[in-house]
Amino acid sequence: MDNNLSPFETLMNFPHSLSTLLPLAAMGFLTGCATLAPAPAIGLSVVNVRPMQSTLLETSLELTLRLTNEAAQPLVLAGSTHKLYVNDSYVGRAVSGERVTVPAFGTATPTVTVYLENLTLLRKASEFSQAPRLAYRLESRLHPAEAGLLGDLKAAATGEIDLAGLGIVPPAR
């Protein structure tokens, strides 16, 4: 091999290198230009809470949720999982295998049963009874029926329950 060749001449002397590099470079450019569709925007809110039953170790509540689809295509969910926190403490969970269709630019109101851990609630009872308000957070994972590249969708609902306004605890001084 002659070391006095220019870089261009060296490249031309190795056509197999050029034939290997060009397709790889083209694939790199093509994949760099591809974009994934954004995950659908889904809103979540809690619209009703109904006590169901209680045992020594567990209490169940029925939550009615409002799912809001902000996309132009309907969203079909195969199921969902939910974790409930009160004043930033985990207190229970729900799972649902109910198939729910949220229409394009529309809403659906599925219900889920949340199972609360009474021992956790008992440990927090004095804290909860002193607070004029309880802050809640519901963290949900929604499982599209046709996940494709989207995978699970995450959504959260937050709010407060005014215990003093409901007359459950005396107003704060």
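This briefing covers the aromatic and charged side-chain contacts of the structure. The model is predicted. A search of the whole structure finds one aromatic pair and seven salt bridges. R137 takes part in contacts of both kinds described here, lying over the ring of Y85 and bridging to D88.

**Aromatic pair and the charge over it**
- Y85 and Y90 pair edge-to-face, with 5.8 Å from centre to centre and 70° between the planes.
- Y85 is buried at 15% relative accessible area, while Y90 is partly exposed at 23%.
- R137 sits over the face of Y85, 4.2 Å from the ring centre.

**R137 and D88**
- The closest N and O atoms of the R137–D88 salt bridge are 2.9 Å apart.
- R137 belongs to strand β8 (residues 133-144) and D88 to the loop between β3 (75-86) and β4 (89-96), so this bridge ties together parts 49 residues apart in sequence.
- R137 is partly exposed, at 23% relative accessible area, whereas D88 is exposed, at 65%.

**R133 and E160**
- R133 and E160 form a salt bridge at 3.9 Å, N to O.
- This pair links distant parts of the chain, with R133 in strand β8 and E160 in strand β9 (residues 153-162), 27 residues apart.
- R133 is partly exposed at 43% relative accessibility; E160 is exposed at 53%.

**Shared partners**

- K124 and E127 form a salt bridge, their closest N and O atoms being 3.3 Å apart.
- Both residues lie in helix α3 (residues 118-130), three residues or about one turn apart.
- K124 is partly exposed at 24%, and E127 is partly exposed at 34%.

Notes
Residues numbered from 1 in each chain as written. Predicted model: local features only at pLDDT ≥ 70, side-chain atom pairs only at ≥ 80, totals over all residues. Heavy atoms only, no water. Phe/Tyr/Trp six-rings, centres within 6.5 Å; stacked < 30°, edge-to-face > 60°. Buried < 20%, exposed > 50% of the residue type's maximum accessible area, 1.4 Å probe, protein only. Lys NZ or Arg CZ within 6 Å of the ring centre and 35° of its normal. Salt bridge = Lys/Arg side-chain N within 4 Å of Asp/Glu carboxyl O. Helix = DSSP H or I, 4+ residues; strand = E, 2+ residues; numbered from the N terminus.
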